[in-house]
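I opened the notebook to keep a record of what I looked up in this structure. The entries follow in the order I made them.

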Amino acid sequence: MFTQQQENIQNNEYFIKKSSLPQKSTVSKGKYSLQDFQIMRTLGTGSFGRVHLVKSIHNNRFYAIKVLKKFKIVKMKQIEHTCDERRMLKLVQHPFLIRMWGTFQDSRNLFLVMDYIEGGELFSLLRKSHRFPNPVAKFYAAEVILAIEYLHVHNIIYRDLKPENILLDKYGHIKITDFGFAKEVENVTSTLCGTPDYLAPEIIQSKPYNKSVDWWSLGILIYEMLAGYTPFYDTTPMKTYEKILIGRVNYPEFFVSEVIDLLNRLITNDLSRRLGNLQNGADDIKSHPWFHEVVWEKLVNKDIETPYEPPIQGGTGDSSLFDFYPEEQQLDYGIQCEDPYEHFFVDF
Ligand SMILES: Nc1ncnc2c1ncn2[C@@H]1O[C@H](COP(=O)(O)OP(=O)(O)O)[C@@H](O)[C@H]1O
Ligand SMILES: [Mg+2]
């Protein structure tokens, strides 16, 4: 109870003083090493490496460590994105964003130490539930909005909003993880990145784009939570892109009229109409009728009952809500050898 209260006070601060990112960070490079942790099971895998559940040998607490293979990052031309991921994670502090404690590296890999978020991916809960009732989808959407609003206020575009990157803590509040595509951007950028079903049309068309691509993705996320599938789903990314560019959305008959109105204004290629991209920014979304009963100040303080409490024993390293992944027979962590990529990752 005490820790929860303590956290709330801090959270309130984030909500009021949202003028700039904390200038000083407690996160430093090389503060940890592999010897500080016992590596346990894999929680998720990605294109550059995997995320492990680990236990600190000092305080016996559980953390998640994202391991990225240097050669894969270089091969897939993701050096800049990876350095951005570290830089963004180091700076952000928000109740609905993952907290990173530090980073280190060996000859072959980069390691990012984060809090372990025990309740699993929103993705798993959604697939198990097929779809969420209107109030449940609204709750998760509202927490996501506060997190994205915070990032945008600090000129960070997130660019990879989707249920796989939204985790649930032991109380059922969200934590957005995966800053692999997050970027500090003053105005517009043009890199093609993200996940096919969630991509805004302007990204597919290689046009310069701005923060409002995250509000498009929010629209896709809300649609997927309510319907159980994404609006432009198809069998190949190419077909999905074609549908996105045509931009016709079919709404199941059980969608309430308020959410259809909201989604029409998020999933639109007309940037002069897209909510979040207009003069009042995120406030236009927060004051939309679909969210009329949401008390935003209470929400940021986690002072609102969550719709679902993950059935896990908090603090014990329970990982029963994560899917299983085949483990690597031989981990190449901690090996001392030649490192041809050293100069790319001096920040870690
Ligand atoms: N801090 C964390 N706590 C628990 N699980 C996590 C954490 N970070 C990531 N994961 C799990 O690992 C998966 C992959 O991590 P992510 O950062 O999204 O990597 P990628 O860039 O490969 O998608 C996530 O979808 C999630 O299931
Ligand atoms: Mg991810």
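How far apart are the end C-alpha atoms of residues 292-348, and what percentage of the chain there is helix and strand? I found the end C-alpha atoms 44 Å apart, with 9% helix and 0% strand over residues 292-348. Helices (H or I, at least four residues) and strands (E, at least two) are DSSP runs numbered from the N terminus. I looked up residues 292-348 because UniProt lists them, in an unreviewed entry, as "domain: AGC-kinase C-terminal". UniProt positions are given in the numbering used here, feature names are shortened, and annotations may be inferred rather than shown by experiment.

Conventions. I am working on a predicted model, in which local features need pLDDT of at least 70 and side-chain atom pairs count only at pLDDT 80 or more, while totals for chains, interfaces and linings use all residues. Residues are numbered from 1 along each chain as its sequence is written, and chains are lettered from A and ligands numbered from 1 in the order in which they are written.

Overall fold. I noted 11 helices and 9 strands in the protein. The radius of gyration is 20 Å, close to the 20 Å that the globule rule gives for 348 residues, so the protein is as compact as a globular protein of that length. The radius is taken over C-alpha atoms, and the rule is 2.2 Å times the number of residues to the power 0.38. Along the principal axes, the C-alpha atoms fill a box of roughly 60 × 45 × 40 Å. I read 38% of the 348 residues as buried (20 or more other C-beta atoms within 10 Å of the residue's own; exposed is 12 or fewer, partly exposed in between; C-beta atoms are placed from the backbone).

Domains. The assignment, which is automatic or from a database, gives domain 1 (32-118 + 314-341) and domain 2 (122-300). Their contact takes 15 residues from domain 1 and 21 residues from domain 2 (contact: C-beta atoms, placed from the backbone, within 7 Å). The C-alpha centres of the two domains lie 26 Å apart.

Ligand 1. I listed 19 residues around ligand 1, the closest being Gly44, Gly46, Val51, Ala64 and Asp178 (near: C-beta atom, placed from the backbone, within 6 Å). Strands E1 (37-45), E3 (62-69) and E5 (109-115) each supply at least two residues of this shell. Both domain 1 and domain 2 give residues to the shell, so ligand 1 lies between them.

Asp178. I found Asp178 in the loop between strand E8 (174-176) and strand E9 (183-184). Asp178 is not a glycine, yet its phi is positive, about 65°. Most residues other than glycine have a negative phi. Asp178 counts as buried because it has 21 C-beta neighbours inside 10 Å.

Asn60. Asn60 also has a positive phi, near 60°, and sits in the loop between strand E2 (49-56) and E3. Is Asn60 buried or exposed? I counted 10 C-beta neighbours inside 10 Å, so Asn60 is exposed.

Arg99. I placed Arg99 in the loop between helix H3 (79-91) and strand E4 (100-105). Arg99 has 16 other C-beta atoms within 10 Å and is therefore partly exposed. Neighbours within four places in sequence aside, Arg99 is in contact with Met114 and Asp115. I also noted 12 Å between the C-alpha atoms of Arg99 and Leu167, which are 68 residues apart along the chain.

Note on methods: Two residues are in contact if their C-beta atoms, placed from the backbone, lie within 7 Å.
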